Amino acid sequence: MEVVLSYGKTGLPVELPDDNVIVVRPMFVPGLDDERGAITEALEHPIGCPSLKDMVRPSGTVAVVFCDATRPVPNRRILPVLLGELESAGVRRDQIALINALGTHRPSPPEELVELLGEDLVRKYRIIQHDCNDRGTMAPAGRLSTGQEFWVNQDYLSADFKILTGFIEPHFFAGFSGGGKLVFPGIASLENIKEAHGYGILSHAKSTWGITHGNPVWELLTEGAQLTAPDFVVNVTLNSEKAITSVFAGELRAAHARGAEHAKRTAMRAVREPFDVVITTNSGYPLDRNVYQTVKGISAAASIVRDGGAIIAAAECMDGIPAGSHFHKLLQRAGTPERALELIAAPDFSMQDQWQVQLQAEIQMRADVYLYSHRLSQDEIRTTMLKPCERIEDTLANLLQRYGPDAKICVLPEGPQTIPYIEA
């Protein structure tokens, strides 16, 4: 059988055996017939609060936080409607700041901002690129329950009205994306981000896909976001075609909870038993832009691979590993999954991106992980502790020799857009 994997912008066809192969996808929800109308309706009749026009003051400043290029959020379709609503409420353009929620990621170059927002918005609005390392651009919002002072982007914190935008999908350790994640880690300090992604908190059994309440990561991120008193959120859900399927706007907790419930129904799929081999992706462009992000797709597969099994991940990695990143340096320093976990678990160890290495290494302690990327050489892939895959069909054939002709194979063509789990 031929299966087209979500890979880069074009997809990757692979030829797989007809027997013993199960393809698992999220429930397909058609895109909205009128996205603009649905967004407007959500702004006028939000969840848990008055309409946007009734809440915002024409004389006040407004900060709008948006997702960076590592997320497939259709900013170009959401933000013009949102900004039009603000302007119709009497808010002038020079009172509005658009803040790129970069977390620990690199800033967006000009051409990427145009791709994210559209040339019209880039030309007309002030855009701020958050830098988690620059305390001079941040201010304290209060103290977290952990005792650490919470620092966030000052332009956001000082705004009279604060809006968070984004999209909701299951997240591999925060439960679900969207909501308060636009503040924490999106526009928080590196020190705060490290604490929320530390070895202990990520090792908790509930720091995983699809869980919010009782998930210590989600609880801490939401606590931090609420310290900043966001006034309004606009979150969407997407299908495999990146079309908007629903809009959830309003009060932070209420709107996000409604959106997470919807995402859970469509993305989380039960399977009967673990598989010998799981073939996965990172949902194609822009999510599969580097190896760092691809750990998410690997994590989705890890939920249903048996101990001693194998995962084959296909990700274009147009931005590489990225080479020279903290993630890459730690992988090279460790060399093996065992050594990586030993380093990260040390009480005095603290390094940016250690969380992604930890999650990758924990998976590799249970299963072999292969990476297919036509952008990376075999030697480059080996520096990430992953096994290179030159051709998925050949790697699978070799694995079938190891596990036998009756080996059970699962394919997740859309990667972490599908969150499979073993049914009880």
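Me: Which residues of helix H16 are buried?
Reply: In this predicted model, the buried residues of H16 are Ile392, Glu393, Thr395, Leu396, Leu399 and Tyr403.

Me: Why do the buried residues of H16 line one face of the helix?
Reply: Start with the general idea. An α-helix has 3.6 residues a turn, so residues three or four places apart point the same way. Here, looking down the axis of H16, the buried residues fall within an arc of 160°, so they line one face. The face turned away from that buried side carries Asn398 and Gln401, which are exposed.

Me: What covers the buried residues of H16?
Reply: Several strands take part, including S1 (2-5), S2 (12-15), S15 (275-281), S16 (305-314), S17 (368-372) and S19 (409-412).

Me: How many residues does H16 have, and what follows the helix?
Reply: H16 spans residues 392-403, which makes twelve residues. From the first C-alpha to the last it reaches 16 Å, close to the 16 Å expected at 1.5 Å a residue. Glycine 404 follows the helix, and its phi is positive, near 100°.

Me: Which residues other than glycine have a positive phi here?
Reply: The general idea is that most residues other than glycine have a negative phi, and most peptide bonds are trans. Asparagine 20 is one of the exceptions, with a positive phi of about 65°. Asparagine 20 sits in the loop between S2 and strand S3 (21-23), and is partly exposed at 36% relative accessible area. Cysteine 317 also has a positive phi, of about 60°. Cysteine 317 is in the loop between S16 and helix H12 (326-334), and is buried, with a relative accessible area of 1%.

Me: Where are cis peptide bonds found?
Reply: One joins phenylalanine 184 and proline 185, with omega about 20°. Proline 185 lies in the loop between S11 and H7. Another joins isoleucine 321 and proline 322, with omega about 0°. Proline 322 is in the loop between S16 and H12.

Me: How many aromatic pairs are there, and how is one read?
Reply: A pair of aromatic rings is described by the distance of the centres and the angle of the planes. A search of the whole structure finds five aromatic pairs. One of them is formed by phenylalanine 150 and phenylalanine 184: the centres are 4.7 Å apart and the planes are at 45°, which is called tilted. Phenylalanine 150 lies in strand S8 (residues 149-153) and phenylalanine 184 in the loop between S11 (175-176) and H7 (190-196), so this pair ties together parts that are 34 residues apart in sequence. Both phenylalanine 150 and phenylalanine 184 are buried.

Me: What is the angle between the planes of phenylalanine 172 and phenylalanine 173?
Reply: The planes are at 50° and the ring centres 4.8 Å apart, so that pair is tilted. Phenylalanine 172 is buried at 5% relative accessibility, and phenylalanine 173 is buried at 3%. Together with Trp209, Phe172 and Phe173 form one aromatic cluster.

Me: Which charged ends sit over a ring?
Reply: Among them is the charged end of lysine 9, which sits over the ring of tyrosine 285, 4.6 Å from its centre. The charged end of arginine 135 sits over the ring of tryptophan 151, 4.4 Å from its centre.

Me: How many disulfides are there?
Reply: A disulfide is a covalent bond between the sulfur atoms of two cysteines. The search of the whole structure finds zero. The sulfur of cysteine 132 is 16 Å from the closest cysteine sulfur, in cysteine 67, which is too far for a bond. For cysteine 410, the nearest cysteine sulfur is that of cysteine 389, 17 Å away.

Terms used: Residues are numbered from 1 along each chain as its sequence is written. This is a predicted model: local features need pLDDT of at least 70, side-chain atom pairs count only at pLDDT 80 or more; totals for chains, interfaces and linings use all residues. Side-chain values use heavy atoms; hydrogens and water are left out. Helices (H or I, at least four residues) and strands (E, at least two) are DSSP runs, numbered from the N terminus. The expected span of a helix is 1.5 Å times one less than its number of residues. Buried means under 20% relative accessible area, exposed over 50%, partly exposed in between (1.4 Å probe, protein chains only). The arc is that of the directions from the helix axis to the C-beta atoms. Contact means heavy atoms within 4.5 Å. A disulfide is a pair of cysteine sulfur atoms within 2.5 Å. Rings of Phe, Tyr and Trp (its six-membered ring) pair if their centres lie within 6.5 Å; planes under 30 degrees apart count as stacked, over 60 as edge-to-face and the rest as tilted. A charge sits over a ring if NZ of Lys or CZ of Arg is within 6 Å of the ring centre and within 35 degrees of the ring normal.
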